[in-house]
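Colleague: I am new to this structure and would like to learn how to read it. Could we go through a few features in turn?

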Amino acid sequence: MPELTANLSARRLKEMGADAVKALVRYSPFDDEEVNDTKQALIERVGAECRAEEIPFCLALVGCDETGGDEHGSSYASQPLPVVIESVPRRLSKPRYGA
């Protein structure tokens, strides 16, 4: 599960001179709904902070399959397109995420 660095926020990063905020999240649209709901709430939170600070939010996804493999694993090789299509244009590109 993703977690945010405890002592950082979009405001603090901006004050430190950051021009944007980047979050790297392992994500599969085929994971358990409760797991994805938690990840989506975290993404919404970061996106809202970035909107409030008027800095870009770059969401970088590491695609993974249902067995927990990542994009470098052999099991992922057979299904990268569905993971990407379901993750980005159909789910995480919505305005609510601010990415």
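This is a predicted model: local features need pLDDT of at least 70, side-chain atom pairs count only at pLDDT 80 or more; totals for chains, interfaces and linings use all residues.

Colleague: What volume does the largest pocket have?

Modeller: Its volume is about 300 Å³. The lining is made up of 16 residues, and those closest to the pocket centre are L4, T5, K22, A23 and V46.

Colleague: Which elements give two or more residues to that lining?

Modeller: Helix 1 (10–15), strand 1 (21–27) and helix 2 (33–53) do. Strand 1 contributes the most, with five residues.

Colleague: How do the lining residues divide into nonpolar, polar and charged?

Modeller: There are 11 nonpolar residues in the lining, along with two polar and three charged ones.

Colleague: Let us take V46 from that list. Where is V46 placed, and is V46 buried or exposed?

Modeller: V46 belongs to helix 2. A residue counts as buried when its relative accessible area is under 20%. V46 has 8% relative accessibility, so it counts as buried.

Colleague: Which residues does V46 touch, leaving out those up to four places away in sequence?

Modeller: V46 is in contact with L4, V21 and F57. A separate value concerns V46 and S9: their C-alpha atoms are separated by 8.0 Å, while the two residues are 37 apart along the chain.

Colleague: Now the charged side chains. What is the general idea of a salt bridge?

Modeller: Side chains of opposite charge can pair when their charged atoms come close. The cut-off used here is 4 Å between the side-chain nitrogen of Lys or Arg and a carboxyl oxygen of Asp or Glu.

Colleague: How many salt bridges does this rule give?

Modeller: The count is three. In one of them, the side chains of E53 and R11 meet at 3.0 Å, N to O. This pair links distant parts of the chain, with E53 in helix 2 and R11 in helix 1, 42 residues apart. E53 is buried, at 13% relative accessible area.

Colleague: Which residue pairs with K39, and are the two partners buried or exposed?

Modeller: K39 pairs with D31, and their closest N and O atoms are 3.8 Å apart. K39 is buried, with a relative accessible area of 6%, whereas D31 counts as partly exposed at 22%.

Colleague: Which residue does E44 pair with?

Modeller: E44 forms a salt bridge with R96, the closest N and O atoms being 3.0 Å apart. E44 lies in helix 2 and R96 in the segment after helix 3 (80–92), so this pair ties together parts 52 residues apart in sequence. E44 counts as partly exposed, at 24% relative accessibility.

Terms used. Residues are numbered from 1 along each chain as its sequence is written. Side-chain values use heavy atoms; hydrogens and water are left out. On a 1 Å grid over the protein atoms alone, a cavity is a set of points where a 1.4 Å probe fits but cannot get out, and a pocket is an open set with protein on both sides within 12 Å along at least five of seven lines; lining residues have an atom within 4 Å of a point. Grid points are joined across faces, edges and corners, and a volume is the space filled by probe spheres set on the points. Helices (H or I, at least four residues) and strands (E, at least two) are DSSP runs, numbered from the N terminus. Ala, Val, Leu, Ile, Met, Phe, Trp, Tyr, Cys and Pro count as nonpolar, Asp, Glu, Lys and Arg as charged, and the others, Gly among them, as polar. Buried means under 20% relative accessible area, exposed over 50%, partly exposed in between (1.4 Å probe, protein chains only). Contact means heavy atoms within 4.5 Å.
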